[in-house]
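This report describes the fold of a single protein chain.

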Amino acid sequence: MRIDADLIDQHNQTRLAAQQSDFQALGEQLERNGTDINSLVNRAAQFGVAIPSWGVGTGGTRFARFPGLGEPRHVFDKLDDCGVIHQLTQAAPTVSLHIPWDDEDPTALKEQASSLQLGFDAMNSNTFQDQTGQPHSYKFGSLSHTEQATREQAIEHNIRCIEIGKTLESKALTVWVGDGSNFPGQVNMGKQFDRYLQAMHQVYSALPDDWQLFTEHKIYEPAFYSTVVQDWGSSYLIATELGPKASCLVDLGHHAPNVNIEMIVSRLARFGKLGGFHFNDSKYGDDDLDSASIDPFRLFLVFNELVDIELQQGEKFRPAYMLDQSHNVTDPIESLMNSAIEVQRAFIQASLVDREALAEYQESNDALMASQIIKQAFRTNVDSILQRARMQAGGAIDPIAAFRESNYRNLVAKERPEVSGAGGGIV
Ligand SMILES: [Mn+2]
C-alpha cells in the first residue's frame, strides 16, 4: 500500500477518544428510536463507490487546464492514486476504466489493481473524440453516424472494451455517446435513433451472459441542438429495446435544472431498469462538481429512494455506484475521498429514515410530518458511524488529514513531472 499503516494508526490514535465519545452519544440517540448503531456501521462498511480513472487527474474547462503537483502520468499511476483513496476511506474498492485513455495490457492492470486491493467496475467506451490514426472520424457521430464504416468502427471499439473488461473481471459496459446535432434540420432524428439502436444491438449481442450494459443519457453537449440519448425516456426506450442485460445509468449532472432526479430513480427502478449512477454535483448544467458540494439534500433524496427500493426488491437490487467528477481547483485525491464519504453518508442517512412512520404519514396525507421524518434523518450527523467503519477496516478517521500528513503528493511529484496545460480542456 502507498500510505504507511503506522501513519494511519498514529493518526487514528490521536483522534480515538473524541471519536469514541461522539460514537457513544450518537449510539444513545439512535437507540431511543430503536436503531442499533452497530448495524449501521456494518452497513457503511458494505458500501462502495467506484472511482473513475479519469477523476484522479486534474480536469479542466474548455478554456484552460491548470495542472496540479504530481499528477498521474498513466493508468498505473492512476491505480496507485485510487489505491490511496480506498486505503484511507475504505469506501472506494473499485476503479472504472476509460478506453482508450487507459488502454494498457489488461493482465498488468489486473495485477497492479489486485496488489492495491482494488477491483474493476464498469468499462467506459469513448467514441466522442478521434484517436491518432483512426480511419473514420467521429466529428458527425459514432454509433449513429450516417456512414456504415464509421458505425462499425464504433461498434468494434465497444466490443474491444468488453474484451479488455473480461480480463479485468469487470461486469459492465457503460455507453455514452456525444452523437446528436447542432442545427435544426441537420439530422433526421428518427433515422439517427434507428441507426444508434441497430449499432447498440450489435454491441449488446457481444455482451457475456453475466454482464450488464448501462446506457447513459445527457441532456446536451457536445451536440447543442439535439442529442441521441438526451433524457431518461430515451435511455429507458433503449434499455427496453436491447433486453434484460441493458439498464439505465443516471448521471446527476445530466438533467435540466430543477428536474426531480429522485423521481426518475423511482420510476426506472419500478420497471427494473435502474442500472447505476454517476455521482457529482452541479449548479447550472453538467458542472461535474464534487458530490454533495452544492446540494447534499438532493443526493440524500436520491438515496432515500434507493433505500426504499432496496427494502421492496431485496438483494437483487444492486445498482452500480460510480463517481464522475472533474477537479479543477482541488487535489483530485482529496476531492474523490471527500465525495466517496459524502455518497456513503447519504446512504447511511437515508437508512435512518423511519419508514414505518413515513408510510403512515403518507397514507394519512400528513405532508408536514412526512417531510419532518425525512429531514430528521438528513439532519443526523453520522460522521462517527462512517469513521468507525473506516477505522475497523484499516482506514483513517479523517482521510483528508491523514492524506496531508502522509505527504503523498509531494513524494509522488518527485517521480511524476508536471503535465503541460497546453491544449487544455476536459472532454
Ligand atoms: Mn457520467
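## Basis of the description

Two strands are taken to pair if DSSP finds at least two bridges between them. Helices (H or I, at least four residues) and strands (E, at least two) are DSSP runs, numbered from the N terminus.

The model is a predicted one, in which local features need pLDDT of at least 70 and side-chain atom pairs count only at pLDDT 80 or more, while totals for chains, interfaces and linings use all residues. Residues are numbered from 1 along each chain as its sequence is written.

## Overall form

The protein contains 15 helices and twelve strands. Its C-alpha trace spans about 65 × 60 × 40 Å along the principal axes. The radius of gyration, taken over C-alpha atoms, is compared with a globule rule of 2.2 Å times the number of residues to the power 0.38. For 427 residues a compact globule would have a value near 22 Å, and the 22 Å of the protein agrees with this.

A residue is called buried if 20 or more other C-beta atoms lie within 10 Å of its own, exposed if 12 or fewer, and partly exposed in between, with C-beta atoms placed from the backbone. On this basis 46% of the 427 residues count as buried. Two residues are in contact if their C-beta atoms, placed from the backbone, lie within 7 Å. Of the contacts with a separation of 6 or more, 79% are between residues 24 or more positions apart.

Strands of a sheet pair through backbone hydrogen bonds, either parallel or antiparallel. Seven strands of the protein form an open sheet with parallel pairing, in the order β3-β5-β6-β8-β10-β11-β12. The edges are β3 (98–99) and β12 (320–323); each has a single partner strand, so one side of each is left without a neighbour in the sheet. Two bridges join β3 in the parallel sense to β5 (residues 123–125), and N124 of β5 is the bridge partner of H98. Helix α7 (residues 232–242) packs on the sheet, where α7 touches β8 (212–216) and β10 (246–251), and its direction makes about 160 degrees with that of β10. Helix α10 (residues 332–351) also packs on the sheet, touching β11 (274–279) and β12, with its direction at about 145 degrees to that of β12. These angles run from 0 to 180 degrees between N-to-C directions, and axes are lines fitted to C-alpha atoms, for helices over the stretch in contact.

Further along the order, β5 and β6 pair in the parallel sense over two bridges, with M123 opposite L173 in β6. In β6 (residues 172–175), A172 and T174 point one way, L173 and V175 point the other way, and all are buried. The parallel pairing of β11 and β12 has four bridges, and F277 stands opposite Y321 in β12. From β12, A320 and M322 point one way and Y321 and L323 the other way; all are buried.

## The three-stranded sheet

A second open sheet has three strands in the order β1-β2-β4, with parallel pairing. Its edge strands are β1 (51–52) and β4 (119–120), each of which pairs on one side only. Two bridges link β1 in the parallel sense to β2 (residues 94–96), and P52 stands opposite S96 in β2.

## Helix α5 and its surroundings

The axes of α5 (residues 148–168) and α6 (residues 189–205) come within 9 Å and cross at roughly 35 degrees. The contact involves R151, A154, I155, N158 and I159 of α5, and R195, A199, Q202 and V203 of α6.

T167 also belongs to α5. T167 is partly exposed, with 13 other C-beta atoms within 10 Å. Beyond its neighbours within four places in sequence, T167 is in contact with P106, T107 and K110. T167 and T107 are 60 residues apart in sequence, with their C-alpha atoms 6.8 Å apart.

## Backbone features in loops

Most residues other than glycine have a negative phi, and most peptide bonds are trans. The bond from I99 to P100 is cis, with omega near 20 degrees; P100 lies in the loop between β3 and α4 (106–115). Another cis peptide bond joins E221 and P222, with omega about 5 degrees, and P222 is in the loop between β8 and β9 (226–227).

A292, although not a glycine, has a positive phi of about 65 degrees. A292 is placed in the loop between β11 and α9 (296–313) and is buried, with 22 other C-beta atoms within 10 Å. N407 likewise has a positive phi, near 65 degrees, and lies in the loop between α14 (399–406) and α15 (408–413). N407 is exposed, with 12 other C-beta atoms within 10 Å.
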